[in-house]
Amino acid sequence: RGMRWSARDVARKVWLNVGELPAVCPRVPVCELDDCNGDGLVSSDDFPAMDANGNGILDAQDILRAYSNGIDDDGNGYVDDIAGWDFAQQDNDPFDAVEYGHGTGEAFDQIAEADNGDAFPGVAPSAFFVPLKVADSFVGVDTEFAQAVVYATDRGVDVISEALGTVTASPASQDAIDYAYRRGIPLIASAADEQSRHHNAPANFEHTILVNSIRNADGTFAS
């Protein structure tokens, strides 16, 4: 689904892989944490770059464009994975090429900033997230989903959240979910929201936390 990098409420909340970034902070000891401006966070604000995408803000896409060098600096098999990964296109820019908005909307709900004078905060406004794109919409192929789960697990995230359905359901997805489960990483999975109760892969695999929210005809929520 990808990210709209121009989304101000989540632009500064993208987790940056400092293993793929140069040490640019002039101060010590803050420099050791790559928190160049001393605000306690490592974000796009800490790395000198231009507004390369011209959206009026300094975001993670600007950082990856400025510092991608074609080298897998951290040796994890993903070249220049500075701000997540696009498993659909197999590149380092998980942007929303079709302006679908679904991935960005999920990010808003979960980690949107608080106290910035714009809209509402997410449920975890102090958290950062790793954008991992697996499709251009909320319907994908489960092998890309499986790769994203393994990547997130190896990155040591605290939780994996997905709101999609897949047109395939292979053992690879279950293996990936089990891989995260064995490492204590919960996977929140969407059961779909078409006012139906069908099995929705990958949410119907074992070791997922299946969630659903549909509306009755009168607009009230039902579970």
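**The pocket, the helix and the cores**

A: Helix 3 gives the largest share of the lining of the largest pocket, seven residues. Helices (H or I, at least four residues) and strands (E, at least two) are DSSP runs, numbered from the N terminus. This is a predicted model, in which local features need pLDDT of at least 70 and side-chain atom pairs count only at pLDDT 80 or more, while totals for chains, interfaces and linings use all residues. Residues are numbered from 1 along each chain as its sequence is written, and side-chain values use heavy atoms, with hydrogens and water left out.

Q: What counts as a pocket, and which residues lie nearest the centre of the largest pocket?

A: On a 1 Å grid over the protein atoms alone, a pocket is an open set of points where a 1.4 Å probe fits, with protein on both sides within 12 Å along at least five of seven lines; lining residues have an atom within 4 Å of a point. Here 50 residues line the largest pocket, and Arg1, Glu106, Gln110, Ser161 and Glu162 lie nearest its centre. Elements that give two or more residues to this lining include helix 3 (102-111), helix 4 and strand 4 (160-162).

Q: Which residues of helix 3 are buried?

A: Buried means under 20% relative accessible area (1.4 Å probe, protein chains only). An α-helix has 3.6 residues a turn, so residues three or four places apart point the same way. In helix 3 the buried residues are Gly103, Thr104, Ala107 and Ile111. Seen down the helix axis, these residues fall within an arc of 95 degrees (taken from the directions from the axis to the C-beta atoms), so they line one face of helix 3. Helix 1 (8-11) is included in what covers them.

Q: How do I read a nonpolar core, and which residues of the largest one touch the most other members?

A: A nonpolar core is a set of buried Ala, Val, Leu, Ile, Met, Phe, Trp, Tyr and Cys residues joined through side-chain atoms within 4.5 Å. The largest has 24 residues, of which Phe87, Val134, Phe145, Val149, Val157, Ile160 and Leu187 touch the most other members. Helix 4 (142-154), helix 5 (171-182) and strand 6 (187-190) each supply at least two of its residues, and helix 4 gives the largest share, six. Apart from this core lies another, of 18 residues, including Phe47 and Leu64.

Q: How many helices and strands does the protein chain have?

A: The protein chain has five helices and nine strands. Of its 223 residues, 43% count as buried.

Note on methods: Buried < 20%, exposed > 50% of the residue type's maximum accessible area, 1.4 Å probe, protein only. Contact = heavy atoms within 4.5 Å.
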